[in-house]
Amino acid sequence: MAIEVNGGSHTSGILKIQGSKNSVLPLMAASLLTEDGTSIEGCPDISDVRAMWEVIEALGGVITYEEQRLSIDASGVGKVEICQDKVRDIRASVLLMGACLARFGQVTIAYPGGCSIGKRPIDFHLQAFRAMGVTIEEEQERLVCHCDGRLRGCDIRLPFPSVGATENTILAASLAEGDTTLYNAAREPEIVELVCFLRRMGAKIKGEGTACIHVQGVSKLNGVSWKLSEDRIAFLTYAMMVAGCGGEVSFQISPQYLNKELWILDKLGCQCSVGNDHITVKQMGSVRPIHYIRTGPYPEYPTDGQSLLLAVLSKAHGVSNVEEMVFENRFRVVSQLQQMGANIDYVSNRAQVTGVTLLHGADVSATDLRSGAALLIAAAMAEGVSHIHKEHYIYRGYEAIVENMIQIGFCVRRNED
Ligand code: UD1
């Protein structure tokens with residue numbers, strides 16, 4: 001089993017960008033805060049959504065999915081024990097902690113899983129819950145959490161603007177007694193979307209998109225119907241294919257919040273024409289090197305776009321330097337890119353990419369979601385046939401990626417042998 005890519009094509013066409021993975025997962029968790037139904041339009045059919053869905057159903061929620069509309073009825077949720085296997089499949093299930101604690105004052109959860117991109121602890125989440133009055137005990141790799149009565153609002157400062165810890169604290173605080181002020185909060189667009197969703201449910205929250213978020217707890221939240229935003233990393237993935245392979249593609253996506261993505265495409269030699277609901281990306285020549293770039297929390301360049309960038313820079317005319325500031329283990333893609341002829345060295349969290357004139361097809365394996373996407377980009381840029389194995393990582397976050405790549409001009413197929 002693999003995805004087979006016959007490289008060397010140029011891109012062309014129009015592509016609709018899927019709904020955002022990193023938005024829909026916290027919105028699914030937020031749906032547990034109410035006994036009313038919620039519905040999310042534009043939900044992508046990806047395995048991370050299916051995994052989160054299974055966890056919610058195991059808790060007693062009822063979910064339906066029709067024509068990209070995900071409907072969640074959490075009125076029957078009562079059991080607040082999240083079992084080991086399912087949690088290992090999906091790290092975002094940790095967000096169910098904040099929602100369950102807020103609604104029921106208790107939850108038991110196994111340590112969560114997710115991509116293999118480093119330690120990914122949840123100590124900031126737990127610190128925030130403890131500050132809100134939750135007692136947490138560790139029992140055989142499970143966390144048993146409970147609070148007498150409602151959680152209590154308080155002031156919390158995160159040591160690092162963690163996306164998940166910011167989301168979990170907001171979820172917990174939305175039904176807490178009193179006010180919570182969260183300092184050094186993450187500012188990602190997905191957090192803005194979560195807050196807008198919660199506000200529509202009746203939550204009282206201010207400051208989203210800034211480092212200081214204020215939540216005034218309310219006693220009850222109601223259902224909501226929501227249109228999901230597009231996935232900025234999926235956009236970046238396909239746009240990087242344009243940057244690396246040449247050609248021009250028009251993407252259906254709102255340009256709001258894409259400043260850094262558009263900036264990097266410009267640096268790589270692309271021209272981006274921006275409309276209200278679309279962006280046309282055209283490669284104007286060959287890939288340009290980037291002397292130095294580092295990843296960081298929003299509004300800096302996203303860590304989820306780092307592997308994608310290494311792939312494209314491997315054919316740039318010159319030397320580039322990339323520093324990873326968010327996760328360790330995010331250079332595991334390098335050995336796979338090297339098998340395709342890329343010239344990349346790294347020490348610790350710094351990689352140097354010396355552009356080569358030719359990448360060649362190879363049999364390679366994804367090590368996480370974004371490394372898998374990076375290998376697809378490199379395979380599309382390479383001469384000859386590549387097979388990307390462990391492609392299940394890619395399906396965690398990308399909907400219909402094979403069909404989408406075909407739509408913009410590539411020769412790709414699922415190889416079932
Ligand atoms: C989310 C995204 C993921 C993205 C990441 C960073 C989702 C579903 N996933 O992951 O795609 O790569 O943000 O933009 O939205 N940390 C701690 N202790 C904690 C929490 C985090 O030390 O309690 C550290 C992590 O190890 C990491 C850094 O903080 O080094 C950032 O992690 P975080 O922002 O929490 O990432 P996630 O929410 O897991």
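1. In this predicted model, helix α8, which covers residues 232-245, packs with helix α12, residues 369-381, at an angle of about 25°, and their axes lie 9 Å apart. Since angles under 35 degrees count as roughly parallel, α8 and α12 are therefore roughly parallel to each other. The crossing of α8 and α12 is right-handed.

2. On the α8 side of this contact stand Ile233, Thr237, Met240, Met241, Gly244 and Cys245, and these meet Arg370, Ala373, Leu376, Ile377, Ala380 and Met381 in α12. Taken by type, the residues of the contact of α8 with α12 comprise nine nonpolar, two polar and one charged.

3. Turning to the sheet, four strands form an open arrangement in the order β10-β11-β13-β12, with mixed pairing. The edges are held by β10 (155-157) and β12 (204-206), each of which has a single partner strand, so one side of each is left without a neighbour in the sheet. From one strand to the next, the twist averages 15°.

Note on methods: Residues are numbered from 1 along each chain as its sequence is written. This is a predicted model: local features need pLDDT of at least 70, side-chain atom pairs count only at pLDDT 80 or more; totals for chains, interfaces and linings use all residues. Side-chain values use heavy atoms; hydrogens and water are left out. Axes are lines fitted to C-alpha atoms, for helices over the stretch in contact, and angles run from 0 to 180 degrees between N-to-C directions. Helices (H or I, at least four residues) and strands (E, at least two) are DSSP runs, numbered from the N terminus. Angles under 35 degrees count as roughly parallel, over 145 as roughly antiparallel, 65 to 115 as roughly perpendicular and the rest as oblique. A crossing is left-handed if the near helix is turned anticlockwise from the far one by less than a right angle, and right-handed if clockwise. Contact means heavy atoms within 4.5 Å. Ala, Val, Leu, Ile, Met, Phe, Trp, Tyr, Cys and Pro count as nonpolar, Asp, Glu, Lys and Arg as charged, and the others, Gly among them, as polar. Two strands pair if DSSP finds at least two bridges between them.
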